[in-house]
Amino acid sequence: MMITKKHLPRRTFLKGMGTMIALPMLDAMTPALAASRQAQATAPVRLAFVYVPNGIVMKDWTPKAAGREFEFTRILKPLEAFREDLFVLSGLDDHNGNALGDGAGDHARAGAAILTGVHCKKTAGADIQNGISVDQIAASAVGSKSRFPSIELGCEDSRTVGNCDSGYSCAYTNSVSWRSPTTPMPPEVNPRQAFERLFGTADYSLDAPTRARRAEYRKSILDMVRDDTEKLNRSLGQADRRKIDEYLYAVREIEKRIESAEKDDREVKPTMEKPAGIPMTFPEYAKLMFDLQVVAFQTDLTRVTTLMIGREGSMRVYPEIEVPDPHHPLTHHRNNPEWIERVTKINCLHAEVFAYFLEKLKATKEAGGTLLDHSMVVYVSGLSDGNRHSHEDLPVLLAGRGDGRLKPGRHIVYKKGTPMTNLYLTLLDRMGVQPERLGDSTGKLEHLTEL
Amino acid sequence: MSAGLLCSGLEEKHMRRKHPARLLIIFLPLICLAIAPPARQAQNAEASDAFGKTIRPFLESNCTVCHNAGLKSGGLNLEAYTSVASITQDRDRWEKVLHKLRTGEMPPKEMPRPDKTEVEAVTRCIESELARADQFARPDPGRVTARRLNRNEYNNTVRDLLGVALQPADDFPQDDSGYGFDNIGDVLSLSPVLMEKYLAAAEKVARTAVFGADLLKPTLARPKGSGQKIIPRTTPLFDYDASGLSLPNAIHVTHRFPVDGEYNLRILFGGTRPAGSEPLEICLWIDGQQAKVIQFNPDGVASFAVDRQEFWGMAQDFRTSITAGDHWLAASILKLYEGLPPDYHGPNPSKRPKPMLPEFKPPPNLPPERIAEIKKAFDARRAEIVPANDARISAIEVGGPYNQAKGPSLASLKKIYTCGHLDGHHRAGCARQIVVDLAHRAYRRPVTPAEVAQLVSLITMARRHGDSLEEGLVLAIEAMLVSPHFLFRIERGLPATKTEAGPITAADTARPLSAHELAARLSYFLWSSMPDDELLGCADQGRLKQPEVLAAQVERMLKDSRSRALVENFGGQWLELRKLESAKPDKGRFPSFDDYLLMSMRRETELFFENLVRQDLSILDFVDGNYTFLNERLAQLYKIPGVSGPEFRKVDLTGSERGGVLTQASVLTVSSYATRTSPVLRGKWILENFLNAPPPPPPPDVPNLDEAKIGQSASLREQLEQHRKNTTCASCHARMDPLGFGLENFDAIGAWRTQDGKFPIDASGTLPDGRSFKGPQELRTILKADRAAFAEGLTEKLLIYALGRGLEGSDRPTVKKITNRLAAENYRFSTLVLEIVKSLPFQMQRRD
């Protein structure tokens, strides 16, 4: 939190925070909690958010039927295999994405508000002001239990700074995750760097015996040069000796490091190959970023992730599916059926790569079920109809069973005006966090835990 | 004891017999220590006639008013010097005193000036005393600390050793610099982090050499490139760069390609064009050559606009083969002003029918005043004229590699398998021979049997574990690449040859370098890399020290293309060209500045330097050579007509305001601020780099220039003159600023100008010695008249670079000798290099 000299009235402060965290845990509560943690110790609950930009062609998204017997529409089709693992949630609004007197800039507000429920300050400068996002509230509650409180990933380079949308800072369109009202968490878009952040720079591409043999060889080489250098050093003048001493010190340091690494068996080994860099096509790129999330969950390096399929207002072209048009202008289709068709193709492609993520989570077995069982994965866009910039009746999916009490397999239609943030209160509750409010929330979302 | 130290020199021979210089060395420090009480000063001073007759009276009447024990102006107390010996002992300081006297910087303007003849007499006297001291001093080659390979040297060395062009040192931490260069033994350190990088690089390089580069997965990168600001125009041009390369609509980037292979280059578009224009013609350029041309038709692709062609976000792919290493990629719009709708009246107008533009349709369910508002906006946009030149390339993305070459390169095979076949059937019996030959080249000297045995034992170990001969070779190569004998140049010299009684020679205090150490000094000096087979052969045969062999090798090496390293590494640091990479001229003030211009600037100066080396021209051409190398972009900046296209060519500058590197855009840019020129920085640049006489740093409490005022309420010159009213500042600025003012007609990116804001440029100046000039040409004439000073400055710089250490007082005779030769040999570049190579400090190493 930034400390400024200016005094803020308490109410403003709370409004800015977007949430009020419940009281800290008291010591007296811990035995009970410890017991419940033991029961689920083998499978923590994970929380993931997948954000897609520029809205969705809703007529091909929303199932007509509600309840268990809903149909998988054209865009949802790729997800049909997960009928029993997901909810389709209709009728949820992100009211604070609307102009509310601030004029143009729906894309910036959509990105800023989607996980915070806060109406961000209209500014292109440094004085950005938003709220704390749901993932970061979860991260600050459960983050200490894993190496990384949260990770933020993205599939589109955010190269622009300054004004991105009608006088709004790029921070709003580039990050859906906010650690504080003034601190966005910019996504890492390079899979190699994301991997190295999680697992370090060691070379895991070799099989274990080869790796062990090479390590042995390396030790022999170091041995040899160290011996050699010690002999050499004796015959040198003072200045040269100082240089060679630096060398010897460096060699010995590395030998020490190798030794201590050998003793340390707590090292976390990734179950995927180290990415070389950003893959060539969008589907490969998105799948690789999903792989990273799966591995991070699987190794319990983190329990909270966000992934931005694209920045809000994305201009990505999709030549892979014969869409040469930039995404954003395409969504302002002026009811041209060809353009609407291309937007739908993009929406389908996004659903396909999301299906890949669910498939991976489901294929990863862990104590008491699968990784998907123990996760809560939200798939959402900050806009419903991108052409009209609507922030109401957003396209929302929720996959996984969380702590086991979510009962998916249904299309639930909520009454008009239900805040999206109510869903977050429910999810946080499943993570063991009970903020009283989050942004514009009015209470927990109903019907998720009972059939 | 110091009676022999007379200016007359009459008693020189006599003194030498009586008081051998060896004793002198021992006594001199005592004299310095003995100074202090004024009573003793007088006594000591009597020791020298020269001091008493010439030097002391001059100092007392001109200098010690300020530079005394009490005031110590500028940190200098001249009262502390009481004899010739005390002066020659503190040689560096007195060289500076001499310099100030000669240039007229001291005594300062406000003080009474001594007669010119008086100044000449005293400087001549001190000079000859210093020269005499040199004769008596033991020749001292100095001591160069073991030099670690820096990043450039590492990259070049693994390329030449194993044929591997991976440039692995790009991942290494930045090397530190000292004395203006990044190859100084004392400064180059080795941290555990770097050692770890060395280990990783050794493995990667060895495996690449033996097995070929790892197959890389295609990845996507977006190299950074900054374009110019486009100033929109609605009337097309007829006379413009039809290649588009030098227009702001193009983009230029430099990208390092990891391996030979095919790459997908994606051009991303931006901007708008009038509706009904012909498709754009796009050209992709690789290293200044047209690689591909295509037509790009935006029709049918989604965009926000219906009343114009809009390109934002659109893309076009090119697939092409590219070799490993750095390449300059550019994409431009060809014939930008052609194919516009006929009502633009441009060249070769569009033949396409004028498109039907949509009519205004009032949106339903809105109040009439809102509809009127929307209609107004619609009409205003309809009335806008879409600029003729707004379409642009916004970025280039590089994807790849595809179809990467597999297996080791032929170059690597040839370098490794000096024994056995190249086709993969390697004989185990060859292992030893291969190791001997490789280690000989890696360590740049013959290897001992013990060293060979150790390296071979690694191969044996690998084979014992069931690995192949090649795997074993990889280990041996890795071991070589992390050995201190590879990573450092450790010089031990030859055993001393004791001389009998007689004059003291270097042999008593120093060891000559071995032939192999000399070969390595040569190759890292001229090539920033290891000796090649021919040079190593000369050392092996013990012939390298023969003067004619050495001279022939130097000549050959300068002609070799590898001497580009001297231009890039020495030139890049001496002329500060490396600073161009971080130069960020203000976009608002210099809208025409872009990456293409930046690349062109650097290339111009490099080509100028390279040409001077290859053609063996006079080093004075750096000061005022009346030619340069230009492409269209740079010629545009210089307003020199008749140069078209991206390729550089030699251009005669006779009659123009330009000539020499001082008037090249690269130097003018690195010696400016982002927003304005700085006569101070440019003056300092000249003092530091041309004359190796850098001014001391400014005192800490000096107020800054009021930037906002410049060009508005006061000219830069007036502001600086204000600044110089402060006498502490004046002593240095009186010399620095006029030099910089001579270049004021060139703006902060090197374009010619006659106005700065509201004020006309005044490019005149007067140096402290009274010489005055007007404009850059006359400034160059003055600098060229001081050719001895320039030659000395450059000699010192190149000697530092060649030796990898800072210079000391004992190097003074070497510098003098070289500059004398230069004057006698028309200042030819090869003379400078050869004299450095033949010099005492280059040939020998002081004994510890």
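Predicted model: local features only at pLDDT ≥ 70, side-chain atom pairs only at ≥ 80, totals over all residues.
Which residue in strand 9 of chain B is the bridge partner of B:Leu265?

**Entry 1: a pair of strands in chain B.** I looked up B:Leu265 and found B:Phe318 as its bridge partner in strand 9 of chain B. I then checked the two strands as a whole: strand 4 of chain B, residues 261–270, runs antiparallel to strand 9 of chain B, and eight bridges join them. A reminder to myself: strands of a sheet pair through backbone hydrogen bonds, either parallel or antiparallel.

Entry 2: I traced the order of the strands in chain B as 2-11-4-9, an open sheet of four strands with antiparallel pairing. Strand 2 (219–221) and strand 9 (315–322) of chain B each have a single partner strand, so they stand at the edges with one side left without a neighbour in the sheet.

**Entry 3: over to chain A.** I noted 12 helices and 15 strands in chain A. Of its 451 residues, 46% are buried. I looked at contacts in chain A between residues at least 6 apart in sequence, and 71% of these join residues at least 24 apart.

**Entry 4: helix 7 of chain A.** I checked the length of this helix, residues 208–234: at 1.5 Å a residue its 27 residues should span 39 Å, and the end C-alpha atoms are 40 Å apart, which agrees. Next I asked which residues of helix 7 of chain A are buried. I listed A:Tyr217, A:Arg218, A:Ile221, A:Val225 and A:Leu232.

Notes
Residues numbered from 1 in each chain as written. Chains lettered and ligands numbered in written order. Pairing = 2+ DSSP bridges. Expected span 1.5 Å × (residues − 1). Buried ≥ 20, exposed ≤ 12 C-beta atoms within 10 Å, placed from the backbone. Contact = placed C-beta atoms within 7 Å.
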